[in-house]
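Here is a quick tour of some local features, written for someone who likes to know the cut-offs. Have the viewer open as you read.

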Amino acid sequence: MTEPLLKVEDLRLAYQTERGIVTAVDGLNFEIRRNEALVILGESGCGKSSLAKALLRVLPRNVNHYSGRVLLDGVDIMALDPERFRQDVQWLRISLVMQASMNALNPVVRVGEQVAEPLWVHRGWSRQKAMTRAGEVFELVGVSGDFLRRYPFELSGGMRQRVVLAMALVAEPKLVIMDEPTSALDVLTQAGIMNRLKRIKRELGTSFMLITHDVATSSEIADRVALMYAGQIVELGSAAQFFANPAHPYGRLLMDSVPRLHQTRQPDHIPGQPPNLMLLPSGCRFADRCPARFDRCDEDPLPQSLSERNEVRCWLYADRAETGKPRELHKTPTPVLETRPLSKEVLVAVQDLHTWFELRQWGFIRAGYVRAVNGVNFHLYRGEAVAFVGESGCGKSSLARTLLGLHPPTRGEVVFEGHHLDALNKHELKQYRARVGYVQQDPYGALPPFMTIRRALSEPLIIHGVRDRKEREARIRAALEEVRLSPADDYLPKFPHMLSGGQQQRVVIARSLILQPAMIIADEPVSMLDASVRVEILRLLRTIQNKRELTLAFITHDLSTVRHFADRIFVMYGGRIVEAATVDDLLDFPQHPYTQALVAATADPDAENAAQERELPGGEPPSLLHPPTGCHFHPRCPHAIKGLCDVEEPPELEPRTGHYSACWLHREP
Amino acid sequence: MNPSKNPSIPKKAEGLLRDLKLMLLLTGKRIIALVLMVLIGVYLTILIANMGGRVDELRLVQIRSEISEAVRGDLSFRELDSEERNQLIQRRVDLEVRRLNLDRPFLLRSFNYLYRAMRLDLGRAEQMHSDMGSREVHAIILERLPATLLLFGTANLLIFFLSVYIALWLSRHYGSLLDRIVIVLAPTSAAPAWFYGIFLILFFAFLVPILPSGGMVRAPPPEDNWNYTLSVLKHMALPVLAMLLSQIFISIYSWRTFFLIHSSEDYVELARAKGLPSRMIERRYILRPTLAPVITSFMLMLISMWSGAIILERTFSWPGLGTLIFQAIGHHDTPVIIGSVVIFAYLLAFSILVLDIIYGIVDPRVRIGAAQ
């Protein structure tokens, strides 16, 4: 039993690109034991996905260097010829779960066939026998066997991800590699899949290698954690030890940067950027960003053993034998964000707002309405930050686009600074657009690739009639200064692709600020960014909002990011607001059953998570085309009252002072 | 929690039955839509061909001249004086006008024309006649149609299968010498098929005379079937080659790029990780999901080739529809021109129907989406 299932020795992988050689994986050593889950944790570009590809030999064409030893049950599978590797190793002994997306499954082949395929290819089973087995694994991952003969587009996102998981388990491999298996999914779906994984690991005894950038998700299943940075493993240890007390400075900073639901301390960000993988420094790769940096960091650190199966690649731990304890990590504390008291001046009043989209058949026959926003009332005060929280398809983005004046409301009205939005003429609408800024989700898609930063920022000024070139230049520089891209001269002549994701998002924020708006609408502003950058962008938005007395409407699916970055929260479900309260009140005392489920499903990183399953409501989010009668949540609600919740829509009640919830449970008995 | 021991697996037959039902539904819907489309198209042709009443005048003149010629030529009317003869002619003209409903408003007649056109009752040609001597337009057209279908069908099927296979092969051997040659040759497709035809005739019929320069079969036609087929094949070689040359490089190039883009899809990568043999990956994971757009681009190509048919068939003196239209225009033979347009409308509608059905077969999203 002491022999590990998988032992990786000095694995290296480099790609040849036009600009030079990119070192993706640089000398990895680790092992996975039977029934053990190893989490490979790291930010984008640290080489974690290349590691999965290297182990399964699914390599792109431009591989420059590929070497090392991978021992599976003591046999070096790297030495096998491709045909042997394909027949003996791939899928029968190591399988892969890809990132959840529409694209992980072939759109024109039935899902059952795709799951059963490896059995008739590798084991020579009959189609019938393989299909029966596929039906078994479908039940195992919680998808009804009725779906075997369906096509991927007939399944919901969560079900597709379960099917991909079923595919990985079909041949009962000893090791399942999972590359970001849940990062594209909603909170509840994600928690449901993690529950399944825990159960499968316990019942089948499979080993897992989970690759993720999400610290909270990783703690759901991890026995051990390998922290990757710039192609190397910088820390390798048990989950209990890592989540409680990481040793490497990067690990500590990363843990401090994770926004947590149940913690009042504000998350910090990690300054700087990971090194360029084409020009790696000769010394420690984290040294530039490390607060504990000292002379010795110019040398490449060797892995230092802390205890059995626990090592860290940092010089801080080198001389422990002599000094007795590691050097101290000195970190300059990040200043605490100030917030100003709420004003009572109403900036935006939204009354009974409906945004419906007509569905047509044959181009002209009305087939129904998608009720994206279905009866929403709220006020936004000047200078406050509010968060709209909900799963995908709850109508939060449609609400944002209606507020921006991009969709006309079907019914109801939006009143902005006393003006009715639908009464504005073309000229007034243009003025309105200057008063409301928009920060999109994907910063790269939001910036025209052919425009320099200077042009992208001067465009709104030109449109709104700032003719003087000098004035434009001054305002552009001031805006860049405000989003802390300085010196401005470094950024102005660049094109978007030359900037990192975080820098691009700063430019987008600068563009939304440049016309001196009264309100900024940010639609998932950080969901495409890495963990350490997220906090940085959120802090920036919050600081600017406070300083300028802006109203910030911040749309997100992730409850854990809102605590320090919003004053009030609106929880949306099925096109309606189900709960509204101040941040602390809502997160600490959630009233609506849906909010309670969301809070229960949101994980804070903790090694204990792996031991227990979360309680979740079953079912799928409601259809916006045919929403359920009464309360939209009643089909999934554990407390639903028959004859009431499924018939009548609940009114907005106030179970706590200033805390509103649309649920029948709060009515006076 | 506990997976049941007998998971319900739907029988294969159920899936097939569902697909069959969906395909029938899809085909039915498409046929209705296409019949409507052809009706509208042909009716518009009739309206345009009427040219605001000018055709009626022309026909009246024609009827009058035909009848007066017949009356004057008839020996039994020799005795009548000119007044009586004119009256007789007038009576006959009136009779003919009433028979042809020319006294009725055009709107009513147009529906009559539409009905006749849809039944392929295309009337009689003014000047042209079929090889069998018939002057019925539909007989003339039906005689020429098989020749065109044979030539273009062969060329297009050849182009389709050759390009798909070569494109798949190149997408695997991306960057190889052959790949680069195809990229270099892709712009040669800017020239139309007849342009290559001229050079091919020059080379293979005159400089190195191994193939006939035109026509469909040797004159006089060989007696036995075997030699006849061989002769037709020989005559087809050059026009098919001309079409191949003008189309194949651009389609290989564009489809190769298409396959290349799609071979980096996540599901292809996952199929590689599954250890499936590369032939299976190519067929099932690259070709099948991309087949629908590939067929679309092929159909667009086919339609654009129809329009080149007139000149290409002339170049090779191929006795097909293209040549027919060319001759009809030369003879100002309106019924034949209109008849050809109707036939083209039918052909187009038929190819769209076939395309829709193929779409439904290769792409379940079309099949299932259409039924909802």
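What follows covers the ground rules, the backbone, the aromatic rings and the salt bridges.

## Ground rules

This is a predicted model, with local features needing pLDDT of at least 70, side-chain atom pairs counting only at pLDDT 80 or more, and totals for chains, interfaces and linings using all residues. Residues are numbered from 1 along each chain as its sequence is written, chains are lettered from A and ligands numbered from 1 in the order in which they are written, and side-chain values use heavy atoms, with hydrogens and water left out.

Two terms come up throughout. Helices (H or I, at least four residues) and strands (E, at least two) are DSSP runs, numbered from the N terminus. Buried means under 20% relative accessible area, exposed over 50%, and partly exposed in between, using a 1.4 Å probe and protein chains only.

Most residues other than glycine have a negative phi, and most peptide bonds are trans. Now for some exceptions. Ser486(A) and Pro487(A) are joined by a cis peptide bond with omega about 0°, and Pro487(A) sits in the loop between helix 15 (469-482) and helix 16 (488-491) of chain A. Over in chain B, a cis bond connects Ala219(B) to Pro220(B), with omega about -5°; look for Pro220(B) in the loop between helix 7 (193-207) and helix 8 (225-262) of chain B.

Positive phi turns up too. Arg309(A), not a glycine, has phi of about 55° and lies in the loop between strand 11 (304-307) and strand 12 (310-312) of chain A. Arg309(A) is partly exposed at 21% relative accessibility. For Glu417(A), phi is near 50°; this residue belongs to the loop between strand 16 (411-416) and strand 17 (419-420) of chain A, and is partly exposed at 28%.

## Aromatic rings

Rings of Phe, Tyr and Trp (its six-membered ring) pair if their centres lie within 6.5 Å; planes under 30 degrees apart are stacked, over 60 edge-to-face, and the rest tilted. By that rule there are 19 aromatic pairs over all chains. Take Phe378(A) and Phe570(A): their ring centres are 5.3 Å apart and their planes meet at 40°, so the pair is tilted. This pair links distant parts of the chain, with Phe378(A) in strand 14 (residues 365-381) and Phe570(A) in strand 21 (residues 568-573) of chain A, 192 residues apart. Phe378(A) is buried at 5% relative accessible area, and Phe570(A) is buried at 4%.

Tyr573(A) and Tyr594(A) make a tilted pair, 4.4 Å centre to centre with 45° between the planes. Tyr573(A) is in strand 21 of chain A and Tyr594(A) in helix 20 of chain A, so the pair ties together parts 21 residues apart in sequence. Tyr573(A) is buried, at 3%, and Tyr594(A) is buried at 0%. In chain B, ring pairs join Phe160(B), Phe161(B), Trp255(B) and Phe298(B) into a cluster.

## Charges over rings

A charge sits over a ring if NZ of Lys or CZ of Arg is within 6 Å of the ring centre and within 35 degrees of the ring normal. Lys129(A) has its charged end over the ring of Trp125(A), 4.2 Å from the centre. Arg371(A) lies over the face of Trp356(A), 4.6 Å from the ring centre.

## Salt bridges

Asp73(A) is in the loop between strand 4 (63-72) and strand 5 (75-76) of chain A and Lys174(A) in the loop between helix 5 (157-169) and strand 7 (175-179) of chain A, so the pair ties together parts 101 residues apart in sequence. Asp73(A) is partly exposed at 22%, and Lys174(A) is partly exposed at 38%.

What about chain B? Asp179(B) bridges to Arg256(B), with the closest N and O atoms 2.8 Å apart. Asp179(B) and Arg256(B) are buried. Back in chain A, Arg309(A) joins Lys7(A), Glu31(A), Arg33(A) and Glu36(A) in a network of salt bridges.

Methods. A salt bridge is a side-chain nitrogen of Lys or Arg within 4 Å of a carboxyl oxygen of Asp or Glu.
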